[in-house]
Amino acid sequence: MIQIAKCSSAMPVYIQIAEILKKQILSGELPEGERLPGEHQLAAQFGTSRVTLRKGLQILEEQKLILQRRGIGAFVTYNMPRRHYRIAILEIPAVGEYGDIVLAELMPALSQLNECDFTVLRGAETPVETLMQKLNEHACDGLIAIAPSGSVYEALCKPEFNTVPTVVIGLSHPSLSEAGRAVIDIEPDIMGRGVEYLVGLGHEKIAYFSCDPEGNSMICQRNRDFRNAVERFSLHVGKNYIMTEKVPSWYEAARERVLEFSHSKDCPTAILTMSTMFAFGAWQGAMEAGLRIPEDISILGVECNKFYNPRLSTILQPLKKIAEKAAEIMMATLLSGKNMDVKPFFFPAVIEERGSCMKIKREN
């Protein structure tokens, strides 16, 4: 903890702040790699404003005693050699557009931190030895894994990765946190959140379009969450309401399933989809079948871009904020030179109604 000496009125406060901190840095009270308290806390300790505090910190940065990074904090860098960091991003193709979007958001988030660049690794099934070999070959200082599959997250929990700063996005398995890996994810049970929204609109016949997880933990969890929600709300499950098998095309599978529904006496009143492509396919099938959206059938997707046509109601994840948080934690870990003791960080999901869902009267 920083010990605040009494300020003299003989010189400007910001210079006094710089001198007090400089003395503690040079004496070793604030060792290299130490993260200074946040601006609010530090300004309160000195009894001054953040503007004045920043002027003092700027002096220390000019003297190469600290390094400041917006959104991350200030670190003592006296006697610490400046480094250029390389981050490996492990993206699992089986996740679909989720991985692509997060990867696209991570690139600018990491690029804005001038000390690092990144390399992208791909592969759903990667033994721990192979993954470690890839990290060494690319001279990587840290790893950000996007929704790792079962075998990959098991590898990340092994002792071999205790010395590799690791951030996991999109998977909150307890074993990751127990192994000391930083976890950033959306709030649990977003499929249940979607079911709850549709039930609130009066829907009791809800179809669900997803795919065979094929070992992907995130998809497996979403499928399980939907089934749990069906049981929780005692919903009717008609023939072929739930699609979780392996299909060659998510779009075509959803389209064909909705066309089948249009000829059935037990047609669902709403469809919840695990991804955007399933939602688009469901929309196309409804159009071809002459079903009106949302009058005849409601469609709710996940992460459907608002600029897409058609405009689909969606469960939104703040993927930009998730990526920025991952970059922040990674850089804080690298700059401090030690693994950060970070609890799992969950962002809330938001349902954005864009007109493809509507309230209906419950059947008697």
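Colleague: Which residues is Ile351 in contact with, leaving aside its neighbours within four places in sequence?

Modeller: Ile351 is in contact with Arg193, Gly194, Tyr197, Leu300, Thr314 and Ile315, where contact means heavy atoms within 4.5 Å. This is a predicted model, in which local features need pLDDT of at least 70 and side-chain atom pairs count only at pLDDT 80 or more, while totals for chains, interfaces and linings use all residues. Residues are numbered from 1 along each chain as its sequence is written, and side-chain values use heavy atoms, with hydrogens and water left out.

Colleague: Where does Ile351 sit, and does it count as buried or exposed?

Modeller: Ile351 is in strand 14 (residues 350–352), and it counts as buried because its relative accessibility is 15%. Buried means under 20% relative accessible area and exposed over 50%, with partly exposed in between (1.4 Å probe, protein chains only). Helices (H or I, at least four residues) and strands (E, at least two) are DSSP runs, numbered from the N terminus.

Colleague: How far apart are Ile351 and Met330?

Modeller: They are 21 residues apart in sequence and 29 Å apart in space, taken from C-alpha to C-alpha.

Colleague: Switching to the open sheet, what is the strand order?

Modeller: The open sheet has 6 strands in the order 4-3-5-6-7-13, with parallel pairing, and two strands pair if DSSP finds at least two bridges between them. Its edge strands are strand 4 (116–122) and strand 13 (345–347), each of which pairs on one side only. The twist averages 20° from one strand to the next; for such angles, axes are lines fitted to C-alpha atoms, for helices over the stretch in contact, and the values run from 0 to 180 degrees between N-to-C directions.

Colleague: Which helices lie on those strands?

Modeller: Helix 4 (residues 97–111) packs on the sheet and touches strand 3 (85–91), strand 4, strand 5 (142–146) and strand 6, its direction making about 160° with that of strand 4. Helix 5 (residues 128–137) lies across strand 3, strand 4 and strand 5, and runs at about 145° to strand 4.

Colleague: What does strand 7 pair with?

Modeller: Strand 7 (residues 182–186) pairs in the parallel sense with strand 6 (residues 166–169) over 3 bridges, and it also pairs with strand 13 in the parallel sense over 3 bridges.

Colleague: New topic: which residues of helix 2 are buried?

Modeller: In helix 2 (residues 39–46) they are Leu42, Ala43 and Phe46. Seen down the helix axis, these buried residues fall within an arc of 100° and so line one face of helix 2, the arc being that of the directions from the axis to the C-beta atoms.

Colleague: What covers them, and what does the other face carry?

Modeller: The cover includes helix 1 (13–27) and helix 3 (50–62), whereas the face turned away from the buried side carries the exposed residues His40 and Ala44. Just after helix 2, Gly47 takes a positive phi of about 65°.

Colleague: Last one, at what angle do helix 8 and helix 9 pack?

Modeller: Helix 8 (residues 190–200) and helix 9 (residues 217–232) pack at about 35°, with their axes 7 Å apart.
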